[in-house]
Amino acid sequence: MVQHNENKKKMTVPDFKKFKQEGKKFAYVTAYDYSMAQCVNASDVEIILVGDSLGMTMLGYDGTVPVTMDDMVHHIKSVVKGAPETFIVGDMPFGSYQEGPQQAIHNAIRLLKETGCDCVKLEGGVEMADTIQAMTKMGIPVMGHIGLTPQTATTVGGFKMQGGTPETAKKLLEDARKLQEVGCFSMVLECVPKGVAKKISEELEIPVLGIGAGPWVDCQVIVLHDILDLAVSFKPKFVKRFAHIGPAIIEALNQFHAETLAGTFPDEATSFNKEVEIPKLY
Ligand code: KIV
């Protein structure tokens, strides 16, 4: 059983701006199921993203595009159960908000009501402004996501750094300003040069949550499977392995297999040792 973190107090939406004003850093990881959510909840990490990256880490897809609203609801629910002291972000999958404000509001409300997550996240800059504004006006807490946006990564030639030229860096800054203006309470900034991320972070009153965006942002966000080395072969440049859980699982399984074959498991300690006299059947 994962222990409970007595000292943890769940962040609120207003805390995001407050932490920024106070210069207080915080951390953010993905989780997709009850057991991992329990682990994050027992740690000091403040935020969980139930990201549509679950398409790759949990469902075996090549990207995030096939992920559905039903997939998201199923996974977010289990995370909410496992992490009551952690702020939980529900990612809106591709196709659940691009049709416009009405569709986005409908699906965001579904995520909030059916899962109990604390806010929704969606991808896109200036082009998503009207939709986000309609959502925030309805009282839906929205976290933005700009820079590398995995749902549309194919249109920019794959999973690549963004904002690497003066023009594209300027466009990122415009996107960031716009998302703040239309009411996002924070935003993910993915795969951009650290100087560009610094400039954006300094300009904004809301926190910038960086992934592959260098150290000068308000919060670091990362995919849990990447930092745990858990069944992922590709290691992006910005990932550091903080543990090697995948290899540890394989080692444990091989040990179980070897002891099963050797007859050393189960032993006295792991067997019910009560002697029972079985009456004759005839
Ligand atoms: O789905 C996800 O895991 C994400 C992160 C890459 C920020 O959106």
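Q: How many nonpolar, polar and charged residues does the shell around the ligand have?
A: In this predicted model, the residues surrounding the ligand include Leu49, Ser53, Asp91 and Lys121. Sorted by class, that shell comes to 3 nonpolar, 4 polar and 4 charged residues.

Q: Which residue has a polar side-chain atom 2.5 Å from an oxygen atom of the ligand?
A: An N or O atom in the side chain of Asp52 is 3.1 Å from a ligand oxygen, and for the side chain of Asp91 the corresponding distance is 3.2 Å. The distance of 2.5 Å from an oxygen atom of the ligand belongs to a polar side-chain atom of Ser53.

Q: What percentage of the area that the ligand exposes when taken alone does the protein bury?
A: The ligand sits in the largest pocket, and a side-chain N or O atom of Asp91 is 3.2 Å from one of the ligand's oxygen atoms. Taken alone, the ligand exposes 260 Å², of which the protein buries 96%.

Q: Is Asp229 buried or exposed?
A: Asp229 lies in the loop between helix H9 (224–228) and H10, and its phi is positive, about 55 degrees, although Asp229 is not a glycine. Its relative accessible area is 15%, and because the cut-off for burial is under 20%, Asp229 counts as buried.

Terms used: Residues are numbered from 1 along each chain as its sequence is written. This is a predicted model: local features need pLDDT of at least 70, side-chain atom pairs count only at pLDDT 80 or more; totals for chains, interfaces and linings use all residues. Side-chain values use heavy atoms; hydrogens and water are left out. A residue is near a molecule or strand if one of its heavy atoms lies within 4 Å of it. A polar contact is a pair of N or O atoms within 3.5 Å; within protein, one must be able to donate a hydrogen and the other to accept it, and residues adjacent in sequence count only if both atoms are side-chain atoms. Accessible areas come from the Shrake-Rupley method with a 1.4 Å probe; for residues, only the protein chains shown count as cover. On a 1 Å grid over the protein atoms alone, a cavity is a set of points where a 1.4 Å probe fits but cannot get out, and a pocket is an open set with protein on both sides within 12 Å along at least five of seven lines; lining residues have an atom within 4 Å of a point. A molecule sits in a cavity or pocket if more than half of its atoms lie within 2 Å of its grid points. Ala, Val, Leu, Ile, Met, Phe, Trp, Tyr, Cys and Pro count as nonpolar, Asp, Glu, Lys and Arg as charged, and the others, Gly among them, as polar. Helices (H or I, at least four residues) and strands (E, at least two) are DSSP runs, numbered from the N terminus. Buried means under 20% relative accessible area, exposed over 50%, partly exposed in between (1.4 Å probe, protein chains only).
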